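User: I have a model open and want to learn how to read it. Where do we begin?

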Amino acid sequence: MPSHVLILGGTAEARELAAVLALREGVRVTSSLAGRVARPGAVDGEVRVGGFGGAEGLAAWLREHRVDAVVDATHPFAEAITRNAARAAAATGVPLVVLRRPGWRPGPGDRWHAVDSLDAAAGLLPRLGRRVFLTTGRLGLAAFAHLTEPHFLVRSVEPPEPPMPPNLRVVLARGPFTEADETELLRTHRVDVLVTKDSGGAATAAKLSAARRLGLPVVVVRRPPLPPRLTAVPDVTAVLEWLGPPTPPGAAAADTCP
């Protein structure tokens with residue numbers, strides 16, 4: 001087990017991993033958060049907030065703080081940090097693993113339209129519906145700002161910033177949400193199409209079940225591909241296996257004895 005693990009966090013899996021590692025004797029765990037949410041959930045261990053200054057800045061931080069392993073447990077759509085982590089790991093020789101929860105898969109009764117980008121999602125909307133539940137994150141609204149006809153419902157933890165579509169209603173809320181919650185929301189706002197990213201996981205999947213129940217079309221933005229030659233695992237258990245077993249108490253001291 002490495003003595004200093006850096007977790008690139010911001011997800012539920014990152015918090016779960018930090019909680020496990022913080023309990024292990026002889027392990028220092030640092031979670032790095034982007035700082036885009038003013039009041040993130042509590043995280044065990046050490047926490048740093050803000051960017052590193054690109055791949056070179058991250059590499060310098062790894063060297064300065066003697067990091068032995070990096071776990072990229074960021075959101076599946078956080079392309080920039082994953083790319084920088086891959087470059088920094090290659091430059092420093094620090095092992096890197098990517099924790100990516102499995103993506104969603106359509107089931108019987110789903111009316112999914114898969115696209116590769118937010119721009120492509122915006123291009124589909126005129127023929128799918130006029131009352132849109134847009135769940136692509138508050139930073140992705142610019143791709144829809146030019147659409148003047150649809151009415152958009154956006155749910156966000158914090159208020160979004162422009163550019164935004166002109167016909168927009170914002171609901172401030174933090175999940176997880178139940179299928180009953182989502183069904184009521186869709187009915188109350190007379191939503192006729194859902195747009196989402198393939199984030200995966202159970203915490204935000206209820207909206208898909210609600211859309212299936214109501215027979216609504218769903219535009220799903222595919223995940224960006226990972227950089228080549230990265231090791232990716234699906235859950236915290238697999239990360240712990242990759243890191244290796246805990247060091248037995250006293251073993252580190254024994255290793256230093258002549």
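Predicted model: local features only at pLDDT ≥ 70, side-chain atom pairs only at ≥ 80, totals over all residues.

The dialogue below goes from the whole chain to single residues.

Analyst: Then take the overall inventory. The protein chain has eight helices and twelve strands. Its C-alpha atoms fill a box of roughly 75 × 35 × 35 Å along the principal axes.

User: What percentage of the residues in the protein chain is buried?

Analyst: Burial here means under 20% relative accessible area. Buried residues make up 45% of the 258 residues. The accessible surface comes to about 13300 Å², and 53% of that belongs to carbon and sulfur atoms.

User: And the charges? How many positive and negative side chains does the protein chain have?

Analyst: There are 30 positive and 25 negative side chains. The centres of the two sets lie 6 Å apart.

User: How do I read a strand? Which way do the residues of strand 4 point?

Analyst: General idea: in a regular strand the side chains alternate between the two faces of the sheet. Now the case. Ala-69 and Val-71 point one way from strand 4, while Val-70 and Asp-72 point the other way. All four residues are buried.

User: In which sense does strand 4 pair with strand 1?

Analyst: Parallel, over four bridges. Look at Asp-72: it is the bridge partner of Leu-8. Strand 4 also runs parallel to strand 5, joined by three bridges. There, Asp-72 stands opposite Val-98.

User: Next, helices. Which residues of helix 7 are buried?

Analyst: List the buried residues, then ask what covers them. Helix 7 spans residues 236–243, and its buried residues are Val-236, Ala-238, Val-239, Leu-240 and Leu-243. Their cover includes helix 1 and strands 1, 4, 5 and 12. So strand 4 returns here, as part of that cover, where contact means heavy atoms within 4.5 Å.

User: Which residue follows helix 6?

Analyst: Gly-215 does, and its phi is positive, near 70°.

Methods
Residues numbered from 1 in each chain as written. Heavy atoms only, no water. Helix = DSSP H or I, 4+ residues; strand = E, 2+ residues; numbered from the N terminus. Buried < 20%, exposed > 50% of the residue type's maximum accessible area, 1.4 Å probe, protein only. Areas by Shrake-Rupley, 256 points an atom, 1.4 Å probe, with all protein chains shown as cover. Lys, Arg positive; Asp, Glu negative; His and termini not counted. Charge placed at Lys NZ, Arg CZ, Asp CG, Glu CD. Pairing = 2+ DSSP bridges.
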